[in-house]
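Hi,

Here is the structure I promised to pass on.

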Amino acid sequence: MLVAGTSARKIGLAALLPGSISEAITPYLPSNAGSAVMALTHADGTLAPWAGLAVFAGYVIVTLTAAAYRLKKTDA
């Protein structure tokens, strides 16, 4: 959970990207999208709860699809 006055924008690999690109993709990272669903208040630059849920569900679907493909391919 974020403390007032702190920012989650420069965490992880997003910190290695230039500022404008980092600010554009940071709300769509899985951790931030999941946090948007559970947040009681929303700051500027964050996703709305339903948008965060949709983005997070998209990550889950892509991951499960890749896992099923990999399992099917290697476990013939």
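The axes of helix H2 (residues 30-38) and helix H3 (residues 49-74) come within 7 Å and cross at roughly 140°. Axes here are lines fitted to C-alpha atoms over the stretch in contact, with angles from 0 to 180 degrees between N-to-C directions. Helices are DSSP runs of H or I with at least four residues, strands are E runs of at least two, and both are numbered from the N terminus.

H2 and H3 are therefore oblique to each other (under 35 degrees is roughly parallel, over 145 roughly antiparallel, 65 to 115 roughly perpendicular, and the rest oblique).

Which residues meet? From H2, Pro30, Ala33, Gly34, Ala36 and Val37 are in contact with Pro49, Gly52, Leu53, Val55, Phe56 and Tyr59 of H3 (contact means heavy atoms within 4.5 Å). By class, that makes nine nonpolar residues, two polar and no charged; Ala, Val, Leu, Ile, Met, Phe, Trp, Tyr, Cys and Pro count as nonpolar, Asp, Glu, Lys and Arg as charged, and the others, Gly among them, as polar.

As for the whole chain, you'll find three helices and zero strands, in the order α-α-α from the N terminus. Of the contacts with a separation of 6 or more, 20% are between residues 24 or more positions apart.

Keep in mind that this is a predicted model: local features need pLDDT of at least 70, side-chain atom pairs pLDDT 80 or more, while totals for chains, interfaces and linings use all residues. Residues are numbered from 1 along each chain as its sequence is written, and side-chain values use heavy atoms, leaving out hydrogens and water.

Cheers
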